[in-house]
Amino acid sequence: MTTDGIEAVFLETHNWGKAAKFFQGLGFDLEFSTDHNSGQLRNGDGPYVFIAEVPEDREPQMQIVLKVADADAFRPDPGVEVVAPFEDTHYGTREMTVRDPDGRLWSLQAPAKQ
């Protein structure tokens, strides 16, 4: 089994409100927000954008997350370095981390076990 494209883009920001309004100005709809300055937006059926506010002394990061339909059936090629196998997250998914040949870390996200 392979990945199924891009699931999401995770963004960190110093100002949740401004970042959310920016994406809404580009046509994204707010699907939900949290009580800790974060939330999820989506434009149509494409990948979602999850934005989280971080402290001013931290450099905001961005991460692209690849979609996997079934974590238990997923088997990366032997040449793919698995940094962390699929694990349950606190937000209801399962995530794996792999490293590309240039050292970048990639997250793969699958639905939680049912």
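Me: Where does Asn37 lie?
Reply: Asn37 lies in the loop between β2 (29-33) and β3 (38-42). Strands are DSSP runs of E with at least two residues, helices are runs of H or I with at least four, and both are numbered from the N terminus. The model is predicted: local features need pLDDT of at least 70, side-chain atom pairs count only at pLDDT 80 or more, and totals for chains, interfaces and linings use all residues. Residues are numbered from 1 along each chain as its sequence is written, and side-chain values use heavy atoms, with hydrogens and water left out.

Me: Why is Asn37 called partly exposed?
Reply: The relative accessibility of Asn37 is 37%. Buried means under 20% relative accessible area, exposed means over 50%, and partly exposed is in between (1.4 Å probe, protein chains only). Asn37 therefore counts as partly exposed.

Me: What is the phi of Asn37 near?
Reply: Phi of Asn37 is near 60°, a positive value in a residue other than glycine. Most residues other than glycine have a negative phi.

Me: Is Ser107 buried or exposed, and how do you know that?
Reply: Ser107 has a relative accessible area of 5%, so this residue is buried. Ser107 lies in strand β8 (residues 105-111).

Me: What makes the pair Ser107 and Gln63 a polar contact?
Reply: The side chains of Ser107 and Gln63 are joined at 2.6 Å. A polar contact is a pair of N or O atoms within 3.5 Å; within protein, one must be able to donate a hydrogen and the other to accept it, and residues adjacent in sequence count only if both atoms are side-chain atoms. The value for Ser107 and Gln63, 2.6 Å, makes a polar contact.

Me: Which residues does Ser107 touch?
Reply: Not counting residues up to four places away in sequence, Ser107 touches Gln63, Ile64, Val65, Leu66, Glu95, Met96 and Thr97. Contact means heavy atoms within 4.5 Å.

Me: Why is Val82 called partly exposed?
Reply: Val82 is at 36% relative accessibility, and therefore counts as partly exposed. Val82 is found in strand β6 and touches Pro76, Met96, Thr97 and Val98, leaving aside residues up to four places away in sequence. Val82 and Trp106 are 24 residues apart in sequence and 9.7 Å apart in space, C-alpha to C-alpha.

Me: What makes Val80 partly exposed?
Reply: Its relative accessible area is 35%, so Val80 is partly exposed. Val80 is found in the loop between β5 and β6 (81-88).

Me: Which residues line the largest pocket?
Reply: The lining consists of Phe10, Leu11, Glu12, His36, Ser38, Phe50, Ala52, Glu53, Arg58, Gln61, Met62 and Gln63. β1 (6-13), β4 (48-53) and β5 (62-67) are the elements that give two or more residues to this lining. On a 1 Å grid over the protein atoms alone, a pocket is an open set of points where a 1.4 Å probe fits, with protein on both sides within 12 Å along at least five of seven lines; lining residues have an atom within 4 Å of a point.

Me: What is the volume of the largest pocket?
Reply: The volume of the largest pocket is about 250 Å³. Grid points are joined across faces, edges and corners, and a volume is the space filled by probe spheres set on the points.
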